[in-house]
Amino acid sequence: MKYMKRVRNILLNNNKINNRDKSELSNDNHHTPELINDNHTPEWVNTLSAWADDNKISHVLLPRNYKKLLSLKTLDLSNHYLETLISEIGKLESLETLFLEDNYLKALPSTIGNLKKLKHINLSDNYLQTLPPEIGKLQQLKNFRLSKNTISELPLEIGLVSKLKTLNLFENCL
């Protein structure tokens, strides 16, 4: 491996060496390439899938396949009686539209700020009291609907969302 210093991923699908010790693969730069295997599912996918199953979210709305999750652009979890949104939602980095209206959400995970491509989010008709400061990282966000919550204060970081065109705060405690 000392001659493969620029290799970042090693695909070992359908081989007998897919369980080889990673230390044998490290190069002189002490970088160990990531092993990618058809049978390997990152733990966050399992956690997200279990959460979706517990909340009776169909496979059509939220796929359980790693590759499909990574390319998911729209997620509509409206009217699912959700009380929590788990932090693994922040791993869906291709997400552009997120509908979560008419649930029982009281808070958002800080990982919501990882959704850098998010353009539209609807959180209306929940029980949100605050927003995490990481909301300011959503630089592509254009439409943010927060009507009918119990928000009493917005984080200052909301001012960092430079592309924001619509911020709906109708019927809150501001």
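In this predicted model, ring pairs link Tyr81, Tyr104 and Tyr127 into a cluster. The three tyrosines also form a nonpolar patch on the surface. Together, Tyr81, Tyr104 and Tyr127 contribute about 360 Å² of accessible area.

Tyrosine 104 sits in the loop between β4 (97-99) and β5 (120-122). Its relative accessibility is 35%, so tyrosine 104 counts as partly exposed; the limits for that class are 20% and 50%. Tyrosine 127 is likewise partly exposed, with a relative accessible area of 42%.

A search of the whole structure returned 3 aromatic pairs. One of them joins tryptophan 44 and tyrosine 66. This pair is edge-to-face, with 6.1 Å from centre to centre and 65° between the planes. Tryptophan 44 belongs to helix α1, and tyrosine 66 to helix α2 (residues 66-71). The pair therefore ties together parts that are 22 residues apart in sequence. Tryptophan 44 counts as buried because its relative accessibility is 14%, under the 20% limit. Tyrosine 66 has a relative accessible area of 31% and is therefore partly exposed.

Tyrosine 104 and tyrosine 127 form another aromatic pair, and this one is stacked. The ring centres lie 5.8 Å apart, with 5° between the planes. The pair links distant parts of the chain. Tyrosine 104 is in the loop between β4 and β5, whereas tyrosine 127 is in the loop between β5 and β6 (143-145). The two residues are 23 residues apart.

The largest nonpolar core comprises 36 residues. Those with the most contacts inside this core are Trp51, Leu62, Leu75, Leu92, Leu98, Leu123 and Phe144. Helix α1 (residues 43-54) supplies the largest share of the core, 5 residues.

Leucine 98, one of the core residues with the most contacts, was considered individually. Neighbours within four places in sequence were left aside. Leucine 98 then contacts Leu75, Ile112, Leu115, Leu118, His120, Ile121 and Asn122. Among these partners, Leu75 is also listed with the residues that have the most contacts inside the core.

Terms used
Residues are numbered from 1 along each chain as its sequence is written. This is a predicted model: local features need pLDDT of at least 70, side-chain atom pairs count only at pLDDT 80 or more; totals for chains, interfaces and linings use all residues. Side-chain values use heavy atoms; hydrogens and water are left out. A nonpolar core is a set of buried Ala, Val, Leu, Ile, Met, Phe, Trp, Tyr and Cys residues joined through side-chain atoms within 4.5 Å. Buried means under 20% relative accessible area, exposed over 50%, partly exposed in between (1.4 Å probe, protein chains only). Helices (H or I, at least four residues) and strands (E, at least two) are DSSP runs, numbered from the N terminus. Contact means heavy atoms within 4.5 Å. Patches are made of residues with over 30% relative accessible area and no salt bridge: like charges are joined within 9 Å, nonpolar side chains (Val, Leu, Ile, Met, Phe, Trp, Tyr) within 5 Å. Accessible areas come from the Shrake-Rupley method with a 1.4 Å probe; for residues, only the protein chains shown count as cover. A salt bridge is a side-chain nitrogen of Lys or Arg within 4 Å of a carboxyl oxygen of Asp or Glu. Rings of Phe, Tyr and Trp (its six-membered ring) pair if their centres lie within 6.5 Å; planes under 30 degrees apart count as stacked, over 60 as edge-to-face and the rest as tilted.
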